[in-house]
Amino acid sequence: MTKRNNNFLPLKTILNLLDNRFKFEIIYYLLKKKLRFGEIKYSLSDINQQLLTKLLKQLEKDKLIKKKQFGGFPRKVEYEISTFGLLLKPLIDNIYKWEEKNKKVLLKYIKSKRNNSLYDYY
């Protein structure tokens, strides 16, 4: 019997980093361009301010995004994808392509709620 390497478990690391559906969406939008807090909130539409603030702090702590603060009033804060976060682009692109390819099936299942899936938890 082989000993399990607990330092690297397949998918656990990335799933711990991106443990919320909004994190994927935030990265998706920041891969396109730099955004201010309000622009991110508007893009996500169904997220509250407290959760967005928490997720942005987590993504920044995990070095996936960078926060830039500007002086003056009102205070301006801008978020952008980091070099490390940019490495997620192929993953995000593939998830987007998969979603586009399977949109009809996904919409059917979401609408009918026949499956007990992640959609029920968000």
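This is a predicted model: local features need pLDDT of at least 70, side-chain atom pairs count only at pLDDT 80 or more; totals for chains, interfaces and linings use all residues.
Me: What makes up the secondary structure of the chain, and in which pattern?
Reply: The chain has seven helices and three strands. Along the sequence they follow the pattern α-α-β-α-α-β-β-α-α-α.

Me: How do you know that strand 1 and strand 3 pair?
Reply: Pairing needs at least two bridges between the strands. Strand 1 (residues 35–36) and strand 3 (residues 76–81) are joined by two bridges, so they count as paired. The sense is antiparallel. In this pairing R36 has E78 as its bridge partner, and L35 stands opposite Y79.

Me: How many bridges join strand 2 to strand 3?
Reply: Six bridges join strand 2 (residues 65–70) to strand 3; the cut-off is at least two, so these strands pair as well. They run antiparallel, and I65 stands opposite I81. The two strands form a hairpin with five residues between them. In that turn, G72 has a positive phi of about 95°.

Me: What makes strand 1 and strand 2 the edge strands?
Reply: The three strands form an open sheet in the order 1-3-2. Strand 1 and strand 2 each pair on one side only, and are the edge strands for that reason.

Me: Why is S82 called buried?
Reply: S82 has a relative accessible area of 7%. The limit for buried is under 20%, so S82 is buried. This residue is in the loop between strand 3 and helix 5 (83–86). Leaving out residues up to four places away in sequence, S82 touches K63, L64, I65 and K66.

Me: What is found at the start of helix 2?
Reply: A side-chain oxygen of N20 comes to within 2.7 Å of the backbone nitrogen of F22.

Me: How does the reach of helix 2 compare with the expected span?
Reply: Helix 2 (residues 21–32) has twelve residues and reaches 18 Å from its first C-alpha to its last.

Me: Which residues of helix 2 are buried?
Reply: They are F22, K23, I26, I27, L30 and L31. An α-helix has 3.6 residues a turn, so residues three or four places apart point the same way.

Me: What makes up the largest nonpolar core?
Reply: This core has 22 residues, and those with the most contacts inside it are I26, I27, L30 and I40. Helix 2, helix 3 (37–44), helix 4 (49–61) and strand 3 each supply at least two residues of the core. Helix 2 gives the most, with five residues. Beyond its neighbours within four places in sequence, I26 is in contact with I40, L44, L52, L55, L56 and L59.

Me: What share of the residues in the chain is buried?
Reply: Of the 122 residues in the chain, 25% are buried. The accessible surface comes to about 9700 Å², and 56% of that belongs to carbon and sulfur atoms.

Note on methods:
Residues are numbered from 1 along each chain as its sequence is written. Side-chain values use heavy atoms; hydrogens and water are left out. Helices (H or I, at least four residues) and strands (E, at least two) are DSSP runs, numbered from the N terminus. The expected span of a helix is 1.5 Å times one less than its number of residues. Buried means under 20% relative accessible area, exposed over 50%, partly exposed in between (1.4 Å probe, protein chains only). A polar contact is a pair of N or O atoms within 3.5 Å; within protein, one must be able to donate a hydrogen and the other to accept it, and residues adjacent in sequence count only if both atoms are side-chain atoms. A nonpolar core is a set of buried Ala, Val, Leu, Ile, Met, Phe, Trp, Tyr and Cys residues joined through side-chain atoms within 4.5 Å. Contact means heavy atoms within 4.5 Å. Accessible areas come from the Shrake-Rupley method with a 1.4 Å probe; for residues, only the protein chains shown count as cover.
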